[in-house]
Amino acid sequence: MAKERLQIIVAHERGQRDQPDYLPQLQQELLAVIRKYVQISDDMVQVEVDRNGSCSVLELNVTLPER
Amino acid sequence: MARIIVVTSGKGGVGKTTTSASISTGLARRGHKTVVVDFDVGLRNLDLIMNCERRVVYDFVNVIQGDATLNQALIRDKRVDTLYILPTSQTREKEALTKEGVEKVINELSETFDYIICDSPAGIEHGALMALYYADEAIVVTNPEVSSVRDSDRILGILQSKSRRAEMGGEPVKEHLLLTRYNPVRVERGEMLSVADVEEILAIPLLGVIPESQVVLNSSNQGLPVILDNESDAGQAYEDAVARLLGEEREQRFMTNQKKGFFSRMFKGG
């Protein structure tokens, strides 16, 4: 059981390791902007940097609530 | 060319200084000229564990700042004459270890020593970074316990991205796993992570398993590196680890409960 918990946390942290430091802040600021117009929860905005060879892409995913 | 080996972990209290003391003593005992360097500025302990705390006059920071020469700061071990200790300052802070200063000292040590063992402080801040920056190899000391494994994984990430070898794109730092405070009885009961569990998560080669042992406390109290206690299980486990570092094959012992079987009578427990 301890092993499974460890595997999950280690895998998650390894994924986060290459991401730039500003991402959590960026996510919070984007949430604030979008909330001026639509009510959304924290997990509806996702930001991730994808490094594909020579170019980096900032991937932004915003899920809007059901009507 | 000297082999520069950092003993690191991320997590505190897992056995870095204990390990640095034993590994360096073991290497020196085999005839290799070895120096063990304390990078824990402000909270030094290597001098205490090596029983030379009363002989510290000049330290690592003094040398970096030009107040003393390396020869003035190095302390020769009284038990093994090929072993030297470079203690650090107890009063300064880790920022006193500049990158250039550390490089200069390591280069100077490389001229005369075969092995340079860098005893890292806990954490991932400046002191720990300086200890691992110039390393060719790393011994990642880990307890079979969730926070220790997690922190070891973090320090591995740092070794792979922030060491000089990583920054220069050179051959990566050679990583070794040293599992310490291992208790086979608790592992068999399913209470403690096993060697296989930790190996699977960290995915680095196993250098050795050091069993939980009462001799470790006694050793620190006396200022006698554990490896010098030839009869103890922990001492022998460190000797095996040194042998493997030198390229020798040694079967892993001390991984199973020593209370049963005839093999347990061959090794005196500690």
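A residue counts as buried when its relative accessible area is under 20%, as exposed when it is over 50%, and as partly exposed in between. Keep those cut-offs in mind for the stops below. What you have open is a predicted model, with scores of ipTM 0.79 and pTM 0.88. Chain B averages a pLDDT of 94, and 95% of the residues score at least 70.

**Stop 1: B:R29 and B:E239**

Select B:R29 to begin. B:R29 has 35% relative accessibility, so this residue falls in the partly exposed class. B:R29 sits in helix α1 (residues 16-29) of chain B and B:E239 in helix α12 (residues 233-245) of chain B, so the bridge ties together parts 210 residues apart in sequence.

Together with B:R29 and B:E239, they are linked in a network of salt bridges. Side chains of opposite charge can pair when their charged atoms come close.

**Stop 2: B:R44 and B:D47**

Move on to B:R44 and B:D47, whose side chains form a salt bridge at 3.1 Å from N to O. B:D47 is buried, because its relative accessible area is 6%.

**Stop 3: where the chains meet**

Show both chains now. Eleven residues of chain B are in contact with nine residues of chain A. The two chains bury about 1,000 Å² between them, with 57% of it on carbon and sulfur atoms. Highlight B:R150, B:D153 and B:I201: these supply 52% of the area that chain B buries against chain A, more than any other three residues.

How many salt bridges does the rule find across the interface of chain B and chain A? There are five. On the chain B side, colour α7 (146-162) and α10 (195-202), the elements that give two or more residues to the side touching chain A. Of these, α7(B) gives the most, with six residues. By class, this side of chain B has five nonpolar, one polar and five charged residues.

**Stop 4: two bridges between the chains**

Zoom in on A:E13 and B:R150, a salt bridge whose closest N and O atoms are 2.4 Å apart. Then select A:K3 and B:D197, which form a salt bridge at 3.4 Å from N to O. That pair crosses from helix α1 (residues 2-17) of chain A to helix α10 of chain B. Both A:K3 and B:D197 are buried.

Conventions
Residues numbered from 1 in each chain as written. Chains lettered and ligands numbered in written order. Predicted model: local features only at pLDDT ≥ 70, side-chain atom pairs only at ≥ 80, totals over all residues. Heavy atoms only, no water. Contact = heavy atoms within 4.5 Å. Buried area = accessible area lost by both parts, 1.4 Å probe. Salt bridge = Lys/Arg side-chain N within 4 Å of Asp/Glu carboxyl O. Helix = DSSP H or I, 4+ residues; strand = E, 2+ residues; numbered from the N terminus. Nonpolar A, V, L, I, M, F, W, Y, C, P; charged D, E, K, R; others polar. pLDDT = per-residue confidence, 0-100. Buried < 20%, exposed > 50% of the residue type's maximum accessible area, 1.4 Å probe, protein only.
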